Amino acid sequence: MKLFSRNFLLLVVLFFTTFFSSVRSQSAANVNDVMMQAFGWDVHTKAPIIAEGGLYNYLNNRAGGLSKVGFNVLWLPPPSQSTGGNGYIPTKLYNFSQTSFGSEAQLKAFVDKFKYSITQNTSYGRYRCES
């Protein structure tokens, strides 16, 4: 009987927290965001990426097009130096000087250009992304 009452109490708590909770999975500030994963596990080894000097340059050259089609958030790999080349086993967390994806300067240039492209391409209509 004790086990039943504990399970029943847990079920009641779960019910009320699920249906009467004001917690949302997405805030109102980013409800219109469209995210694209801008890398793959081995993207740093692909010929088109290497030919343009790394992922950051590759994305920088396409920043305007990405924002025009509606992507205003990009998921990038961790920018720190890592053992595997893909950023996920970091060796130097705050060393962005040269990773498999490009240099720190290339990363900053891409972020600046992408923010500018988003602002320019969404400054009309009902939604505007501020940089």
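## The salt bridge between Arg62 and Glu52

Arg62 and Glu52 form a salt bridge in which the closest N and O atoms are 2.9 Å apart. The term salt bridge denotes a side-chain nitrogen of Lys or Arg within 4 Å of a carboxyl oxygen of Asp or Glu. Arg62 lies in the loop between H3 and helix H4 (63-68), and Glu52 in the loop between helix H2 (47-51) and H3, so the pair ties together parts that are 10 residues apart in sequence. Helices (H or I, at least four residues) are DSSP runs, numbered from the N terminus.

Arg62 is partly exposed, its relative accessible area being 32%. Glu52 is likewise partly exposed, with a value of 24%. On this scale, buried means under 20% relative accessible area, exposed means over 50%, and partly exposed lies in between (1.4 Å probe, protein chains only).

## Basis of the description

The structure is a predicted model, in which local features need pLDDT of at least 70 and side-chain atom pairs count only at pLDDT 80 or more, while totals for chains, interfaces and linings use all residues. Residues are numbered from 1 along each chain as its sequence is written, and side-chain values use heavy atoms, with hydrogens and water left out.

## The other salt bridges

The whole structure contains three salt bridges. One of them joins the side chains of Asp42 and Lys46, with an N to O distance of 3.4 Å. Asp42 is partly exposed at 35% relative accessibility, and Lys46 is partly exposed at 39%.

Another salt bridge links Glu104 to Lys108, the closest N and O atoms being 3.5 Å apart. Both residues belong to helix H5, where they stand four residues apart, about one turn of the helix.

## The surroundings of Glu104

Glu104 is placed in helix H5, which comprises residues 104-121. The relative accessible area of Glu104 is 31%, and the residue therefore counts as partly exposed. When neighbours within four places in sequence are left aside, Glu104 is in contact (heavy atoms within 4.5 Å) with Phe96 and Ser97. Between Glu104 and Ser80 the C-alpha to C-alpha distance is 9.4 Å, and the two are 24 residues apart in sequence.

## Asn60 in helix H3

Asn60 is part of helix H3, which covers residues 55-60. With a relative accessible area of 13%, Asn60 is buried. Apart from neighbours within four places in sequence, Asn60 is in contact with Ala109, Phe110 and Lys113.

Note on methods:
Helices (H or I, at least four residues) and strands (E, at least two) are DSSP runs, numbered from the N terminus.
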